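Visitor: Pick one part of this and walk me through it up close, please. Give me the cut-offs as you go.

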Amino acid sequence: MKISYNWLKDYVDFKKTPTQLAEDLSLFGQEVESIKKLDDDTILDLEITPNRGDCLSILGMAREISALYNIPLKQSSFSELSRIEESAKIDKKIEVKVSGPEICPRFSARIIDNIKINPSPDWLKKRLQSYGFRSINNVVDVTNFVMVATGQPLHAFDYNKIKDGNFTIRLSKKDEEVITLDSVNRKLCEGIIIIEDDEKIYDLAGIMGGFKSEVDEKTSTIVLTAAIFDPILIRRASKFLNHTTDSSYRYERGVDYEGNLYGLNLAAQLIKELIPDAKASELIDQKNQPFKEQNISYDPVKINRLLGTKLTSEEIAANLIRLNFRIKDSTARVPSYRLFDVKIWQDLAEEVARIYGYNNLDKNNLDKQVAPRNKEFSGTEKIKDELAVLGFTETLSYSFIDKNKLEILNLKASKQPQIEKSLLSEIEYLRPNLLSSLLSVITKNPWAPEVKIFEMEAVFEKDTEKWQLGIATTGKSDDLLKSALKKLNINSMIKNVDQKILDYFKIRRPVKHIIVDIDNIELPTGDYSLKISRTKYKPISKFPPTVRDLAFLVDVNVSSVELIDKITRTDEHILLVELFDEFSSNKFGPNKKNVAFHIWLQDLKNVLSENKVTDIIAKIIVMMNSQYRAKLRSK
Amino acid sequence: MNGHLNPLTQFLRLSLKYFSERGFEIVEGPEIETEWFNFDALNVPADHPSRDIQDTFWLKDGRVLRTHTTATDVRHIQENKLKPPFKFVVPGRCFRNEATDQTHEHTFYQIDGIDIDKDLNMTNLIGLLDGYMKELFGANVKTRVRPHLYPFVEPGMDLDIQLPDGSWREMLGSGMAHPIVLKNMGIDPGKWQGIMWGMGIDRYMMQYFKIDDIRLTYSGDLRFLKQF
């Protein structure tokens, strides 16, 4: 929510810059996501958590600032306004009927005559702009202004468009319809709060006004209304209609019953300022449900025990009082605007901690202690280590699969758990086994000289879920997979992938795989490795790499790890260097070994030209020659 | 000629090590969850805006792809009839119904932790998590905490670390176990107090390795995987 720094100052006088304010608010629990200058003002964009509907207004945030800095609100800006000046006698009236008190606990209104619809003055447009509202006309703008200022959503109806001033508030029946202000005809389900007269439904209460009661340039009398509606009904309606407004957003989170009249009267007063001839009627205030005060008893000992503090009862009370709680004998009366989120003593503890300052709390770490061992976890992690030692790379793939892939793999979509209302076709079903994932990885790496991968993840069918190990290699040889089977003591078949499937996945070489459920593997014992790679990620290019092989004869004692490092540093276009062969033989001469590398080259801005590749390879050969007396072996 | 473990796996192990050294058992749970364990048991009722915080993948059969490994907490306690004191961590894959881009993914990994004991309090929680950050990022890293809403804890908080450029990066969500959640675990909130926290591993891993795109972990791109 966008909050204007200048607008806040109308409600509370604090001496902090926008940046300081933002920092302090974030530490107080009101996260400021961005700060932007707007002419002579600064706009703070806040992330308000769903439990703090009371913060969805300037007044609400001013209260937070008041508690944070221990500065009182400006009295002149916040007063009851229970009697606005000169409420006139108007011979127009409305009749408010509510089908159930819990639907609309409070409904207040003023009828205002002599309305002249005009553009708004600049100061009002500016305030609206700071929040993100467009200016519409003086009356609508006042209602939006007051909603943002006070948190009370308001709506102005054209009095003459309503038959007999009839405000019947009830729940909709299935398939009833209403045309809203945006000219959309909305079909309702049952249970949505609507307002009607005996001719038509003219308001989607709490969400959006109706087209048929809309204020327009000819409107001469309005009914200015401020209501409290049931949060759950508003939320359900908003979800059903797939329509959220600034108004419904506030209702869902709870609007302050006791703040209702302030909002209404502030709006009436502003309209009178903008339209001097306007006459506002007496206050109509229908309390369908009384205000229910909430008191929470607390035990200072328990609060200290929860927070890890040593606060006295007085200190705890003082902290709560700063937030407008009224304290009497370890019982806190919750301010009316906090009813929706402060319900138990632990909520009070959080408020105490906020004022105390979370960062003033001590740090008392737990002692070291031996943990019971999860043999399954250790065993599966050890399998990963054993495969890595054999030269496999662990991949992780999404758990989803689409219908086409299921078909090509000869699997039934009907057996697979299916996602409701998915936005993407790739995200429709959960995968039944790891084959499609492994193949997708191979598709992605056509330039890799060989692909040796494994995945260990969950797979799904109907309502079962199990862990599976999938291992795959490209190329004609079985050997590596055979060594995997042997090392892990797995009794499973090596399978070849059908040409038809390879074609679908655009894979142009043979693929062999092993897929086995974890339950069918005897888990190895022992600890898994805690080594973490020390490399910093080198960004990979949008363009495909070029891979060249180089083989050298070097002294037996030269470390291949060192060679990899040295070669990589030869040129910035070298992304990776992989050792794929290393062996000594007398035919190389005494104390010599053969080392062979895949050199992966890339350019971040383009595909590398053949010339450039040749140059880099030459550089490597020169370096190897001069530093290691390495002889290039031609393939 | 060694192969490679996914950098995520490497990080998961390192993160778990810190908690294992403090007595936390490693527990795993299912990726498809019931609405009860993923939401209701954790004080996230239907018809409440808190449900909006997490965009969820719902299955046609009414189950849910778990949005956090916190879902396993109540399940594990219930299925094993655990009685306090106990502590465990839950690593695992989670899902959020979000459009993917450089910093957003629909698939990610979390570690969730819980410790229930007689006199655990917020200073223990802050100490534990501050120590965790120092283990991962070095003893000189500065941390700070801020109040935040998570329906299953009260008080709730976020923990940030300070980056080299001075800005703060959010790393963990945490708090004191909410009494409703304790009751759903069959635990008396009058006697026992719990600390709970959760951390997305992907973000931490990206921070450590200077990876700029969260999708790389699941891309299967060997140019990425072979670097680690």
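Guide: Helices (H or I, at least four residues) and strands (E, at least two) are DSSP runs, numbered from the N terminus. This is a predicted model, so local features need pLDDT of at least 70 and side-chain atom pairs count only at pLDDT 80 or more, while totals for chains, interfaces and linings use all residues. Residues are numbered from 1 along each chain as its sequence is written, and chains are lettered from A and ligands numbered from 1 in the order in which they are written.

Let's look at helix 12 of chain A, residues 375-389. Its 15 residues reach 21 Å from first C-alpha to last, close to the 21 Å expected at 1.5 Å a residue (the expected span is 1.5 Å times one less than the number of residues).

Helix 12 lies across strand 19, strand 22 and strand 23 of chain A, at about 150 degrees to strand 22. Axes here are lines fitted to C-alpha atoms, for helices over the stretch in contact, and angles run from 0 to 180 degrees between N-to-C directions. Contact means C-beta atoms, placed from the backbone, within 7 Å.

Those strands sit in an open, mixed sheet of five, ordered 19-22-23-25-24 in chain A; two strands pair if DSSP finds at least two bridges between them. Strand 19 (393-394) and strand 24 (495-496) are the edges, each pairing on one side only. Strand 22 (452-461) and strand 23 (464-474) run antiparallel over 10 bridges, with A:V459 opposite A:K466. Helix 14 (435-444) of chain A also lies across strand 22 and strand 23, plus strand 25 (511-517), at about 35 degrees to strand 23.

Back on helix 12, the buried residues are A:E381, A:I383, A:K384, A:D385 and A:L387. Buried means 20 or more other C-beta atoms within 10 Å of the residue's own, exposed means 12 or fewer, and partly exposed is in between, with C-beta atoms placed from the backbone. The cover over these buried residues includes strand 19, strand 22, strand 23 and helix 15 (479-488) of chain A, along with helix 1 (7-20) of chain B.

A:G379 is in helix 12 too, and counts as partly exposed because it has 17 C-beta neighbours inside 10 Å. Leaving out residues up to four places away in sequence, A:G379 touches A:L523 and A:P524. Just after the helix, A:G391 takes a positive phi of about 110 degrees.

Key:
Contact = placed C-beta atoms within 7 Å.
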